Structure formats: structure tokens, C-alpha cells
Amino acid sequence: MYEYHLIDGADLGQSDPPVWLVTEGETAIADAAWSSTTQWFRWAAPDISRFRERLEVLREVGKPHLPAWAEDFRL
């Protein structure tokens, strides 16, 4: 099962659009889980910080191949 966090293209005209949670399973379920993009960033910030710390450790120990998620992080 996968979860996706996305902004609906129909909401792009809003200054701070909601972020939808789409859960894939037997049937996809969509829910406006965060009322604004700002709220989503506040929710995600601790996880992003932990991923950044993990990436720094991986680089320090000289891992030759970093995980795919690390491609989007800048230190």
C-alpha cells in the first residue's frame, strides 16, 4: 500500500492550498488531510530533519550509493 501527499491542480490558484492524502489499496481513498500547504510543512518538518541527519551520517561513513530519497536533499 502506498500513500501520496499531493496538491490538487484545481487548488493551485489558492495562496495556501490544501494537501490531499491519497491512500492506495483495493480502492484509492482521497482525503484533504491538511487544510493548507503551510500546515503540511509544519507536520513534515520533523521527518525532513531526521532524513537530513540520516543523510549526513551516510555521507560521513562514505556510503558509495545513497538511497533514492537522498537525491532531493541539499546539505
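The side chains of D47 and R50 meet in a salt bridge, with a distance of 2.3 Å from N to O; a salt bridge is counted when a side-chain nitrogen of Lys or Arg lies within 4 Å of a carboxyl oxygen of Asp or Glu. One salt bridge is found in a search of the whole structure. D47 and R50 are separated by about one helical turn, because they are three residues apart in helix α1. D47 counts as partly exposed, at 31% relative accessibility. In this scale, buried means under 20% relative accessible area, exposed means over 50%, and partly exposed lies in between (1.4 Å probe, protein chains only).

The model is predicted, and local features need pLDDT of at least 70, side-chain atom pairs count only at pLDDT 80 or more, and totals for chains, interfaces and linings use all residues. Residues are numbered from 1 along each chain as its sequence is written, and side-chain values use heavy atoms, with hydrogens and water left out. The pLDDT is the predictor's confidence in each residue, from 0 to 100. Its mean over the protein chain is 84, and 89% of the residues reach 70 or more. Where pLDDT is low, the predicted coordinates should not be read in detail.

Helices (H or I, at least four residues) and strands (E, at least two) are DSSP runs, numbered from the N terminus. Of the 75 residues in the protein chain, 21% are buried. The accessible surface comes to about 5900 Å², and carbon and sulfur atoms hold 54% of this area; such areas come from the Shrake-Rupley method with a 1.4 Å probe, and for residues only the protein chains shown count as cover. Contact means heavy atoms within 4.5 Å. Of the contacts with a separation of 6 or more, 6% join residues 24 or more positions apart.

The largest nonpolar core has five residues, namely V19, L21, W34, W40 and A44. Strand β2 and helix α1 (37-60) each supply at least two residues of this core. A nonpolar core is a set of buried Ala, Val, Leu, Ile, Met, Phe, Trp, Tyr and Cys residues joined through side-chain atoms within 4.5 Å. Leaving aside residues up to four places away in sequence, V19 touches several residues, including L6, I7, A33, W34 and W40.

On the surface, Y2, Y4 and L6 form a nonpolar patch with about 310 Å² of accessible area together. Patches are made of residues with over 30% relative accessible area and no salt bridge; like charges are joined within 9 Å, and nonpolar side chains (Val, Leu, Ile, Met, Phe, Trp, Tyr) within 5 Å. Y2 is found in the segment before β1 (3-6) and counts as exposed because its relative accessibility is 51%. Not counting residues up to four places away in sequence, Y2 touches V22, T23 and E24. The C-alpha atoms of Y2 and V22 are separated by 8.2 Å, while the two residues are 20 residues apart along the chain.

I29 is placed in strand β3 and is exposed, with a relative accessible area of 52%. Residues touched by I29 are L21, V22 and T23, not counting those up to four places away in sequence. Between the C-alpha atoms of I29 and E3, which are 26 residues apart along the chain, the separation is 9.6 Å.
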